[in-house]
Amino acid sequence: MSDTQTLIENRPPSVAGLFLERVAATPDTEAYRHPVPAASGEGPDDWKSLSWAQAAERVFAIAAGLIELGVQPEQRVALASATRIEWILADLGIMCAGAATTTVYPQTNADESTFILADSGSKVLIAEDATQLAKAVEKRAELPELTHVVVIDPTGVDTAETGDWVLSLAELEQRGAAYLEKNPDLIKERIAGITKDQLATIIYTSGTTGRPKGVRLPHDNWSYLAKAIAATGLLGPEDVQYLWLPLAHVFGKVLTSGHIEIGHVTAVDGRPDKIIEHLPIVQPTYMAAVPRIFEKVYNGVAAKARAGGAAKYKIFQWAAEVAREYAKVTQDNFRRTGSATAPFGLAAKHKVADALVYAKIREAFGGKLRACVSGSAALSPEIGYFFAGAGIHILEGYGLTESSAASFVNPGEAYRTGTVGKPLPGTEVRIADDGEILLRGPGIMEGYHGLPEKTAEVLEPDGWFHTGDIGELSPDGYLRITDRKKDLIKTSGGKYIAPSEVEGQFKAVCPYVSNILVHGADRNFCTALIALDEPSILDWAKENGLEGKSYAEVVAAPGTVALVEGYVKELNEGLQRWQTIKKFRLLPRDLDVEHGEITPSLKLKRPVVEREYKHLIDEMYAGSREA
């Protein structure tokens, strides 16, 4: 048996057990960094650290506080909060109490939050603030099983009004600490009683239609992934991770398990608007993100270069092409020879481009970044190659909520842009006859909560899970995702098109795009709905006679339409004839979570967008032979 197999097969039954091991092994080592507002109330945030022992003290107090509230093993405790240090401490507290976390996005409205709390049977809700508490108060009559709400930040909460039903996280920890004094072995006994098949987490998938489904993930899923992530060798104890992803999403959540096993530092702050400010302070060596972040950085750099005048923009365009060529050549050479080399002429051009463009991009990421992991949706290869050539190595990975997030990841230096890498140790993959990716292994869910028929639709009796994604495996085991099975478009001419592939290519061509949806199922040509990035297009508007106009006025202007039309023509030059975009419409606003058009993890909800803008789609096909 290999060392990797031994590592994975000898895993403890729970991450709570791993946490105990980590605290015992490195109690005084820094575990977390988190921002607190500056003492003066002005200027940048201060950053504070927690050692593993300090984190454990709070985690065990939370666990004991929940037990004192009557929470039993496998009972659900819901967690409705943005990413912050308290989210992680609370989640660990829930698991150490032997209970199960139900994750709720803070953006979720009161109706859907109520559905999740009721469907999961959550007994306690840990709410971030008064806003999250208000949702539960509004729907309290519909939540008979909910006995308590714990508020992380009680600012603005009137406990005289709420009574014993509501307490602050600080009060819960105080009660837990007092309870532990009387029962010092309580938490260790709870952790010792956890079995690998015991429920640890329910994560509700953001369905494109209908109610979301609760994915049941037992303790063993997280314990396995903690060991499997460590076994990839991508991270070591000296790494510093910047964690900003939504922890209600499985991609963010799995990172907390790997962190405990490896023992590196994690800096936690879920405010996306603070990322640019904090990266130079935190100076991470590693960061996970969704493609939209890399697209925004790329578009921001391109737009800034364009704003600097024709000469500056020409330098950027040249440097971008050099980066892509360099990345393709070095990756190909590494694949063939094991050495990431480039011909002398290309290496010389790359050195000049590095001094002019790439070094500044790396500095913006904090200057110490070894690698980023991208997941949750497909990253355009052209954007991936650009960053690879610029020295920001983006390792694409792949997984689903139903597979506890991490099933594939690119292997360090041997990463291949455009693929999601190789399966994690212990995970099996096969491609079905229709091209669908099937997965089996210790990361696969137990099933959908209370939905045995839905579970049976995707989970075979022998453990194979139907992902709903279409893909191809290379002879040496690298997986390339080509599209969602249900998202493939078949034109009326019988041609199959992967819309996400065309959409990704457009994002690499147009620096002003925020979201794009390609439409063409059962039609005789393809069209697109395009939403522009508001800051970028308003900067362009200032330089082009549209200063002072609103976003809706700018996107309706003939000059803006002509600008985007130029990028659509550029896109079409690289496509097969049946893939080309014949017509497009610019949307009057960007797509967002609030209108239900994208998920909190920034995935496009195609049916919702197509329903919302049906009039624009119909308009584009009006007068064609099929209309």
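Start by selecting serine 374, which sits in strand β13 (residues 371-374); strands here are DSSP E runs of at least two residues and helices H or I runs of at least four, numbered from the N terminus. A word on the source: this is a predicted model, where local features need pLDDT of at least 70 and side-chain atom pairs count only at pLDDT 80 or more, while totals for chains, interfaces and linings use all residues. Residues are numbered from 1 along each chain as its sequence is written, and side-chain values use heavy atoms, leaving out hydrogens and water.

Serine 374 has 0% relative accessibility and therefore counts as buried (under 20% relative accessible area; exposed is over 50%, partly exposed in between, with a 1.4 Å probe and protein chains only). Now show its contacts (heavy atoms within 4.5 Å): not counting residues up to four places away in sequence, they include Phe251, Pro291, Phe294, Leu379 and Ile394.

Select α13 (residues 291-307) and α16 (residues 381-389): they pack at about 70°, with axes 11 Å apart.

Finally, select helix α8 (residues 169-182), which has 14 residues. Colour its buried residues, Leu169, Leu172, Glu173, Gly176 and Leu180. On the face turned away from that buried side, find the exposed Gln174, Glu181 and Lys182.

How values were computed. The expected span of a helix is 1.5 Å times one less than its number of residues. Axes are lines fitted to C-alpha atoms, for helices over the stretch in contact, and angles run from 0 to 180 degrees between N-to-C directions.
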